[in-house]
Amino acid sequence: MIVFVSLLVFCIFLCLYRVGKGPTAPDRTVAIDILGTLVVGFCAIYSIITKKDLYMNIGISWALLSFLGTLALAKYLEGRGFDE
Amino acid sequence: MKRFVHVLLLFGIWLLLTWSLHWQDLLAGVIIALIADLILGDIYPVNAIKVLNPVRFFWFVVYGVTFLGYVVKANFDVAYRVLNINMPIRPGIVKVRTTLKTDMARTFLANSITLTPGTLSVDFVGDHLYIHWINITSDDAVKETEIIVQRFEHMLERVFE
Amino acid sequence: MNEIIGLTLLIIGISFDVIGCIGLVRLPDIYNRLQAATKCVTLGTCMILLSVVFYTGLNSIGMKALLCIWFVLITSPTGAHAIARAAHRSGIRLWEGSVMDKYADDREGAEDIT
């Protein structure tokens with residue numbers, strides 16, 4: 001299991017590289033969106049290891065909240081108000 | 001009647017999430033389903049209930065299986081393009097036309113297009129859909145529509161319209 | 001038996017995740033990155049969640065994993081669509097090797113009229 005966790009950490013470092021380097025703002029937004037989905041997979045592997053459903057609760061709320069964050073960032077990039 | 005179906009659906013999701021039949025959990029579930037329906041019931045899509053019709057449900061299952069097949073194919077396509085040293089991509093944004101009318105069907109069409117091989121939906125204007133295509137093979141608008149949209153259109157038409 | 005299926009799904013899912021992240025780093029512009037990353041990471045995460053179902057069986061953990069698959073499948077393409085549209089409207093052009101951009105042509109025509 002430790003191999004899979006370290007591979008996911010490697011993926012997260014690739015995403016962080018894109019967040020740091022990304023020439024434009026939408027590039028960073030994409031990387032943050034993908035990072036959120038990767039963390040859901042991370043929580044799933046931890047729930048396999050520990051056999052507790054606590055980690056799946058975190059995963060579900062992380063998926064929904066990262067979706068909301070992505071939508072908010074997209075609206076901000078588009079230059080519109082949040083009430084539309 | 002519509003409200004009742006909504007509350008039942010929300011209560012079902014609550015049961016799956018808590019996975020316990022203790023009376024306190026059930027009571028909290030009913031109260032929360034009622035409150036959520038009071039606040040958000042107006043923006044709930046009406047057409048979703050039509051899927052429970054058996055003929056539509058059969059086509060929904062057919063659509064789901066086809067969709068999963070295309071998703072797996074799309075992943076191998078992306079793996080081929082990313083791991084190849086020369087990166088054989090020829091990207092661009094094309095414009096295709098769809099005949100679907102309801103919002104629900106259009107949402108499913110756009111999401112399916114995003115997850116199928118080499119395409120990403122960018123915007124919907126009127127009847128036209130702008131699609132970013134990673135490897136453009138034809139310059140003819142009619143042919144593009146045939147290749148991209150008609151994989152799912154006839155199934156979604158039977159499910160949602 | 002279930003553990004073997006779960007392990008296979010886990011390996012396939014994580015390799016798709018790695019491929020998606022390599023695509024995120026290698027591909028030339030934001031739209032291509034969005035394509036590779038969204039497709040591969042969505043299916044990879046769904047396979048990891050499915051392997052949770054095979055490892056633990058249909059109890060509270062497995063049911064939550066199935067609901068999470070549904071949420072990820074619905075929300076991930078919608079988020080990608082929102083980012084692509086926002087990027088195009090905020091003025092990011094396509095990669096110089098691109099063939100055509102009908103969206104920019106149509107939008108410039110519309111802005112001239114209004």
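The questions and answers below follow a few features of the structure.

This is a predicted model, in which local features need pLDDT of at least 70, side-chain atom pairs count only at pLDDT 80 or more, and totals for chains, interfaces and linings use all residues. Residues are numbered from 1 along each chain as its sequence is written, and chains are lettered from A and ligands numbered from 1 in the order in which they are written.

Student: Is I32(A) buried, partly exposed or exposed?
Tutor: A residue is buried if 20 or more other C-beta atoms, placed from the backbone, lie within 10 Å of its own, exposed if 12 or fewer, and partly exposed in between. I32(A) has 19 other C-beta atoms within 10 Å, and therefore counts as partly exposed.

Student: How many residues of helix 2 of chain C are buried?
Tutor: Helices here are DSSP runs (H or I, at least four residues), numbered from the N terminus, and helix 2 of chain C has 27 residues. This helix is largely enclosed by the rest of the structure, because the buried residues number 27 of the 27.

Student: Which helix of chain C supplies the largest share of the side that touches chain B?
Tutor: Between these chains, 34 residues of chain C are in contact (C-beta atoms, placed from the backbone, within 7 Å) with 28 residues of chain B. Helix 1 (2-26), helix 2 (30-56), helix 3 (60-89) and helix 4 (102-113) of chain C each supply at least two residues of that side of chain C. The largest share, 11 residues, comes from helix 3 of chain C.

Technical notes:
Contact = placed C-beta atoms within 7 Å. Expected span 1.5 Å × (residues − 1).
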